[in-house]
Amino acid sequence: MNFLVISPTPSHPQNAGNRQRIYTLLRYLKACGHQVHFCFIRREWVTDEDIRAMEAAWDKVTLLAHDRKKEKKPSGGIHAIDDWFLPSLESEMKRIAEEETPDVVMVEYVFFSKALQFFGENVLKIIDSHDVFTDRHIHLQKIGLEPSFFYTNAAQEKIGLNRADIVLAIQDEERAKLQEITEAAVVTVGFMPDVQSLPADKGNEGATIGYIGSSNPLNVRAVKRFLEAVDPTAVADGKARIRIGGGTATALKDEEVKAELVTPVDALAPFYATLNLAVNPHEGGTGLKIKTVEALAHGRPVIGTWEAFLGLAPEAAFHSANSAAEVGTFVNRFIENVSFREEVRQASLRLAERYARTVESQLRMFRSMDELRSHLTRPRILYITDIPFWQESLGNHARMAEQIRAARGCMDIDVFIFRTLSKNDLAAAQAIVGARGKVFSFKSYPGCESRQPAWIEASAALSGFEKKSLSRQYFRALEEHLQVHQYAGYIIQYIRLSYLRHAQGLPKLSIIDIHDIMSIRSKNFSHFGLEHFLQISEKEELEILSNFRAILAIQTAEHRYLESLFPGKSIYLPHALSEVRRTRSENPVLRIVFVGGDSPMNRDGLNWFLSQVWPCFYHAGVELHVAGEVCKSLAVDHPQVVLHGRIDDLRGFLEQADIAINPVYYGGGLKIKTVEYLCYGIPSVLTVEATFGIPGGENEAYLLATSRAEFIEHLSLLIRSPEARGALSEAAFAFGRRMFGVRSMTPGLDAVAALASRQPRLPVEA
Amino acid sequence: MSRSTSLSSFINLKGGMAADEQIDLTLAAAHTEKLELELKPLLAAVDPATAALAQGVLTALGRVLADVAVLRQSIEQTYRSRADRIRIDPLPFIPQDRRSVAPVQEAQFELYAGDAEFSGTGWHAPETDGVSSWRWSGVEPASTILLPTLGGGRLHLILDMQMPFGLKFTDVAVTALINQTRLDLKAQNPNSSRCNFEADFELPDDEGFSSFALILQGERYRDPREAANPDPRELGVGVHKISMSRREK
């Protein structure tokens, strides 16, 4: 294939992250046997030697003049998308488009996307986004920096992105943001520098810890905070040596810091070769942090903040420190503790290998035009539901919202919902579905008012349970929708809507997301002498499930059960959480939390806890904070208990927690609150039921209580021991990220997309 | 799980001794508080030395009353209904099959065409010659089957396949995809009608519960024989066995 790459950034020298990214990507294209014509818009200064290097690296190089002074300044607080695309470039682009017809035109940065408009429909158009520019100025101001470079709003960025067929995002979080804006297919292609991994240190040598960065004030501030937290005695005694390199070192030269300042750093590899540990204490900001990736690529163990590892899906707590100061705390442990040093080394190595493999697989799309074009014809799937998932206030809302966000990476999603949607509801739901999908309310169809029986009501195909669950308005409205919309597959949410599988016009690929096996749940209720609100026999439920091509199982126990009954049908698709920070609360009065909806399981579990466990802690100087609708049914006079009721900011609530409990003793499915506690790294005491279907982690990632006495003892331990809380928090976080990070949904969603892609493909609707 | 600070140093899993003590203390304190409340007017009227003495007596009395309560509860425990026991401590009643099981990752996997577990779309029913079983693809343009990921990583796949109607694999294109990625299949002996195809491929790491879709695409053939009763079906490539093993993770 012939690639024309239009870039305002040179590929040589690779002394900045964006240049390295471009260089690595183009090298891959060359390795695939493609021709690369590199069209450099001279927005950045380079030497003649650099130009010669570019000419040597690529098949053809075109240099286009550019005068930054002629670039338009922001107007109305933002840049318009073409502010930097100078009129002189237009004639140049016309000329290039007349002279050659590349197979693919790739533009670096959305603000040069106008270049794509000069090429015909047969040319595949790609934007390598590098960053999200929507509201970038607001983001910078929030972290104390003056807006610089390019920043715009969603409407302007959309104009640019929509000029492409495919948009490359550098990491998944940016992919999700860009896909909310654009109808182009957004695909993540990460970046791993093409460098030789240095040999590992022997682990028992003195600790040399290093950082290299520019003089950006954010870097300088973060490094200072990090240095303040490092144990001064360890440095003074010579147990540890800290080396700061690059512009950051220059900026620190007049200050008294306990570090060796290395400036200039001519080459990265020799600098990294002197280190046993690289740190990245970066605070604030978004995007992939090249510094982190660079250190990992050089084979160095790394400790860093949550922001420093964004996009790399880290698991260890020391790869997700909450602040630059916490990076310092982890570094102190690294200096003192040989086994921790090995732990950091191993975890960094695993992360580097996994990320390199991920990037390699992402790059494979460039091997052929077929593979590139396959992203334009993603299968379109219809979600059929009555869950107000955009509210994200209950477990099932959260499950569906996260699932759709993740699914957008490999499928296009429409949602058909049995709800009346306000303007705000529709906007919130549409944001989750993204710009390539659409949300349809059944209220938009005449069938929603119908009193006439639907044809299915007379059919023997409908099971007894389905007859009872049937809404003829839902059924008719869905059939009306299917008369004008076609799909490669559909996913029904919950068995209570299973009767809709009979609707005419549905595609062959039928999938049900059960959330729970109702008959098993009913059995569990009756074990405790209770009646479940939804009654279905095991036989009938399994009969209904057997009619679906695939069943999405939310947790492992149910997946195993379904797989044993219906081999090759059950797809494990756990609930997953986007990357969240590890909770590190230091409340003067310890805060124990519980979150729950107003379900009998939550009510009974919490009431048992309040009557049988909590009295032991009346005088322990701790408070129980309860959030969610479960508060409605609780007595208000329990000592040391604060009822918050329904809360909008669950994240904020969980970030304030010191300890969490889940005392439910019956129920079913997966307990989303347990997943949340683990992912936030909140040390927790859980019952067996609270961990149902979560494989492993017992007394490592959480404390399991199998009796009242154990519940009291475990809670007592966590209250009195900050060390136990700290250790459990780190273990919970790592376990949560591994089991329930967004990555955990990838295999299941990929399998669904693969099954759907074998179905007839349909174009994206305008 | 590797951690620098082991939780085992913090947790006493020997059976609630500390909790028992804490419950006893709580119970004693509750009785003492109740007595204090009842005697509050009297205690307020006496001098500090007498009040301190009275406080000591009340605390001791609280302990005695707690012991009596525990004794009474122990006796009552024998006669308590199941419902009552659930009310006090339901946790031991949670069925043991709800307990979490640590994942065990299998390193290999085999599936024969005759196995009940061989399920998917686009396949004809299994057939056998008494020695071996197989399934023809070709019911749809693509035949799919969900297979376990074995925890992901680098995997090796062997497909024991057969061409229909005695045709040979020479010059025949069989396309296999892992999810949506095309496999680079290598035939061991393509100049035959039955042949093992092998391929290495990679999947993202997972915890061993996930599946991927194996998709077979290729030509569909009609029975070329001019027999009286030719096979009326359109058949694609047949599969005898699917084997998979994990190379590394």
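## Overall build of chain A

In this predicted model, residues 24 or more positions apart account for 67% of the contacts in chain A that have a separation of 6 or more. Chain A contains 27 helices and 25 strands. Its C-alpha trace spans about 80 × 70 × 50 Å along the principal axes.

The radius of gyration of chain A is 28 Å, which agrees with the value near 27 Å that a compact globule of 766 residues would have. Of these 766 residues, 53% count as buried.

## Domains of chain A

## A helix pair in chain A

Two packed helices are described by the angle between their axes and the distance between the axes. For helix H24 (residues 672–679) and helix H26 (residues 722–740) of chain A, the angle is about 125° and the axes are 7 Å apart. H24(A) and H26(A) are therefore oblique to each other.

From H24(A), the residues in the contact are Val675(A), Leu678(A) and Cys679(A). They meet Ala732(A), Phe735(A), Gly736(A), Arg737(A) and Phe740(A) in H26(A). By class, the contact between H24(A) and H26(A) has 6 nonpolar, 1 polar and 1 charged residues.

## Backbone features of chain A

Most residues other than glycine have a negative phi, and most peptide bonds are trans. Where does chain A have a cis peptide bond with omega about -10°? That bond joins His12(A) and Pro13(A), and Pro13(A) sits in the loop between strand E1 (2–7) and helix H1 (17–31) of chain A. A cis peptide bond also joins Thr263(A) and Pro264(A), with omega about -5°. Pro264(A) belongs to the loop between strand E10 (260–262) and helix H10 (268–273) of chain A.

Asp135(A) has a positive phi, near 60°, and is not a glycine. This residue is found in the loop between strand E5 (124–128) and helix H4 (136–142) of chain A. Asp135(A) counts as partly exposed because it has 17 C-beta neighbours inside 10 Å. Tyr494(A), also a residue other than glycine, has a positive phi near 80°. Tyr494(A) lies in the loop between strand E16 (489–493) and strand E17 (509–513) of chain A, and with 19 C-beta neighbours inside 10 Å it counts as partly exposed.

## Overall build of chain B

Chain B has 4 helices and 12 strands. Its radius of gyration is 36 Å, well over the 18 Å that the globule rule gives for 249 residues, so chain B is more spread out than a compact globule. The C-alpha trace of chain B spans about 115 × 45 × 30 Å along its principal axes.

Of the 249 residues of chain B, 29% count as buried. Among its contacts between residues at least 6 apart in sequence, 68% join residues at least 24 apart.

The domain assignment of chain B gives domain 1 (16–98) and domain 2 (108–223 + 230–248). The C-alpha centres of domain 1 of chain B and domain 2 of chain B are separated by 68 Å.

## Contact between the chains

How many residues does each chain bring to the contact? Chain B provides 56 residues and chain A provides 69 residues. On the chain B side, at least two residues each come from helix H1 (17–38), helix H4 (82–88), strand E2 (120–121), strand E5 (142–148), strand E10 (194–203) and strand E11 (211–218).

H1(B) gives the most to the side of chain B that touches chain A, with 6 residues. By class, that side of chain B has 29 nonpolar, 17 polar and 10 charged residues.

Definitions and conventions:
Residues are numbered from 1 along each chain as its sequence is written. Chains are lettered from A and ligands numbered from 1 in the order in which they are written. This is a predicted model: local features need pLDDT of at least 70, side-chain atom pairs count only at pLDDT 80 or more; totals for chains, interfaces and linings use all residues. The radius of gyration is taken over C-alpha atoms; the globule rule is 2.2 Å times the number of residues to the power 0.38. A residue is buried if 20 or more other C-beta atoms lie within 10 Å of its own, exposed if 12 or fewer, and partly exposed in between; C-beta atoms are placed from the backbone. Two residues are in contact if their C-beta atoms, placed from the backbone, lie within 7 Å. Axes are lines fitted to C-alpha atoms, for helices over the stretch in contact, and angles run from 0 to 180 degrees between N-to-C directions. Angles under 35 degrees count as roughly parallel, over 145 as roughly antiparallel, 65 to 115 as roughly perpendicular and the rest as oblique. Ala, Val, Leu, Ile, Met, Phe, Trp, Tyr, Cys and Pro count as nonpolar, Asp, Glu, Lys and Arg as charged, and the others, Gly among them, as polar. Domain bounds come from an automatic or database domain assignment.
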